[in-house]
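Please look over the model shown here.

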Amino acid sequence: MTINTEKNGTALSVTLEGRLDTATSPQLDEALKASMPGITELVFDLEKLEYLSSAGLRVLLSAQKVMNKQGSMTVTNVNDTIMEIFEITGFSDILTIR
Amino acid sequence: MKELTIEATVENIETVTDFVNEQLEALDCSMKVQMQIDIAIDELFGNIAMYAYNPETGPATVRVEVEKDPLAVIITFIDNGKPYDPLSVEDPDVTLAAEERKEGGLGVFLVKKTMDNVTYEYKDGQNILRIKKKI
């Protein structure tokens, strides 16, 4: 998986490419922990993300919990397979998806 | 029927996924179903890699069978680790807010929701988990 982060003041955009799964989720967790302090606006771009498993959901959940305290988090460009996973697990109600 | 026996490690999830995908592609499986199966492999083989032999590692066998009329694929995950029935875990409450969510349980829940059938048995010292998906 490729993770691209771009910081602009207190805004952080994270672009994910490939698969967010058991093997790759720790990388995202690390990247977020390093870049999230002080961020008030976090945007994930999932256009090039093929799919994610529960390991990826856990990382998104912990990011959401942090952003609930310090600002906002948005998930964009969600494909059908990923949207279905969000719906099955109730993440469609937890995350702000647009 | 084809099967692969491999050390159950997180690094080997990709090898198992490639092995199964090769056979799904030969069946003209849709991309969506293939991704759902790939996710199931990540959850199930990942669980074996992380928990079955913890703190050591051990082998797991992944068997792929094809059923006809209706066309379906059956994937069996076998390990000789600690007896563990993932289906015995209570389904997570997916209506809870972020702060109230507990860790764990989501992976197997996803597999149960996206596959057509999931069964578990413990036999002759082996955990045998089987998923079936129409393609």
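The report below takes up the model's basis, then the sheet, the helices and the interface.

## Basis

This is a predicted model: local features need pLDDT of at least 70, side-chain atom pairs count only at pLDDT 80 or more, and totals for chains, interfaces and linings use all residues. Residues are numbered from 1 along each chain as its sequence is written, and chains are lettered from A and ligands numbered from 1 in the order in which they are written.

## Sheet of chain B

Five strands of chain B form an open, antiparallel sheet, ordered E1-E2-E3-E5-E4. Strands are DSSP runs of E with at least two residues, helices runs of H or I with at least four, numbered from the N terminus. Strands pair if DSSP finds at least two bridges between them. E1 (2-7) and E4 (117-123) of chain B are the edge strands; each has a single partner, so one side of each lacks a neighbour in the sheet. The twist averages 15 degrees from one strand to the next.

E4(B) and E5(B) (residues 126-134) pair antiparallel over 7 bridges. Glu121(B) stands opposite Ile128(B) in E5(B).

## Helix packing

H2 (residues 31-52) and H3 (residues 106-114) of chain B pack at about 145 degrees, axes 9 Å apart. Axes are lines fitted to C-alpha atoms, for helices over the stretch in contact; angles run from 0 to 180 degrees between N-to-C directions.

## Chain contact

Chain B gives 22 residues to the contact and chain A gives 20. Residues are in contact if their C-beta atoms, placed from the backbone, lie within 7 Å. On the chain B side, H2(B) gives the most, with 7 residues.

Technical notes. Two residues are in contact if their C-beta atoms, placed from the backbone, lie within 7 Å.
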